[in-house]
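Below are my notes on the model, as numbered points.

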Amino acid sequence: MTLRRRHFLTSAGLALAASLSQAHAFERMTQIASVMPAGNTIPDPTLLVAGNAESTAGKWSTVLSPALMQGLEAVAPLTVRMTSGQDGVTGANLFDTQIVPDGTTALLVPGAALVASLAGDPRVHFDFGRWVPLMLSLVSPVVVGRADLHRTLRDLVRDRPVRVAVSSYTAIELASLLAMAVFGLRPVPVAGFASRTEALAALREGKVDIVQISDPMSPDALTALFDTLGQDGVAPLFTLSDTVRIAYHGQTVPTLTERFVQERGHAPTSMVYDAWKAVAAAASLDVALALPMLTPPAQVAGWRHAADVAASAGAVEALVNGRGRKLVSGPGCGPHLREMTGEIQAILTLRRWLAVHSPEWRLG
């Protein structure tokens, strides 16, 4: 063996040993952090709220911040920093561009911000796929309306549009727009509906055909709402997820996939359906509690411990149990975040679909 080759192999061996040593050290540090108590690991913790006080994240913060304070063993109340808007985009941008990943600041953000990101909204300057999720509040939005999802030959010839109430083209109701496309219908967004009350009033008056009810509600409240809508010929069509199963007079409201199978005899397989799955998962997020990527493991462990403590707090349980929400914390958040992130091909399909249809929507 030549001296040069011996030197190369020695150097490579040392580099590999160093790499393995670093990997082992990181793994060991992660193991230690996973069992490390939260006390005093996070000085002056801050909760950055993606939204104003009246937003979904803002309302959650009033309940969650005291519960997190207990889990973090903080000597003073958490600093709660509100931002502007309802959909959380401004706060999420601030989190990604200005927050140092030292573990002192966690973000509370609604699913609407994630939908805007998937849609390529030009306001978005954050990458939620890089966040470290600590806690997710999940819901099952339900789509109600008068649309006939069993499309006939007459429908194909007439190509009748289905009017969907939305707040904007890239808002959380994008899931319902895509859903109509999955069924082979021609969705037309009717923009400007800022609340469920306004959208349902337009549905009753025949100004729109489809409304997405994203606000979580108790089973009794949903039944009462469905009964009222039924008087105007409106029925629940499907839900965006099966996280919280919704029953109506003894019958479970099907998911989109289940309804598609009922109508067509097979599961949907289109690329638009793949895009819908990511958008529907994001639209089914009530709020998420997250840390920036590269947050030190000890601080991640501290916040995760606090999230676990908060999940069992009485005020948080009162907000979740029987209210149409499901709380997920710790490692269980990962699979849900991956569903919301979606495959790159599905996201490209979504943005191409929007690029094709947005001009005709704006022209009416």
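1. H2 gives the most to the lining of the largest pocket, 4 residues. Helix H2 (56-72), H4, helix H7 (196-204), S8 and strand S12 (285-291) each supply at least two lining residues; helices (H or I, at least four residues) and strands (E, at least two) are DSSP runs, numbered from the N terminus. This is a predicted model, where local features need pLDDT of at least 70, side-chain atom pairs count only at pLDDT 80 or more, and totals for chains, interfaces and linings use all residues. Residues are numbered from 1 along each chain as its sequence is written, and side-chain values use heavy atoms, with hydrogens and water left out.

2. The largest pocket holds about 1,000 Å³ of space. Among its 43 lining residues, Thr-56, Gln-86, Ala-194, Ser-214 and Asp-215 are the closest to the centre. A pocket is an open set of points on a 1 Å grid over the protein atoms alone, where a 1.4 Å probe fits, with protein on both sides within 12 Å along at least five of seven lines; lining residues have an atom within 4 Å of a point. Grid points are joined across faces, edges and corners, and the volume is the space filled by probe spheres set on the points.

3. The second largest pocket has about 480 Å³ of space. Of its 23 lining residues, Leu-240, Trp-276, Lys-277, Ala-281 and Glu-339 are the closest to its centre. H10 provides the largest share of this lining, 7 residues.

4. Val-211 lies in strand S8 (residues 210-213) and is buried, with a relative accessible area of 1% (buried: under 20%, 1.4 Å probe, protein chains only). Val-164 is 47 residues away from Val-211 in sequence but 6.2 Å away in space, C-alpha to C-alpha.

5. The whole structure has 9 aromatic pairs. Phe-95 and Trp-131 form one that is edge-to-face, at 5.6 Å centre to centre and 85 degrees between the planes (rings of Phe, Tyr and Trp, its six-membered ring, pair with centres within 6.5 Å; edge-to-face is over 60 degrees). Phe-95 is in helix H3 (residues 89-98) and Trp-131 in the loop between helix H4 (111-118) and strand S4 (132-138), 36 residues apart. Both residues are buried.

6. Phe-226 and Tyr-248 also pair edge-to-face, at 5.2 Å and 80 degrees. Phe-226 lies in helix H8 (residues 219-230) and Tyr-248 in strand S10 (residues 247-248), so the pair ties together parts 22 residues apart in sequence.

How values were computed
Rings of Phe, Tyr and Trp (its six-membered ring) pair if their centres lie within 6.5 Å; planes under 30 degrees apart count as stacked, over 60 as edge-to-face and the rest as tilted. Buried means under 20% relative accessible area, exposed over 50%, partly exposed in between (1.4 Å probe, protein chains only).
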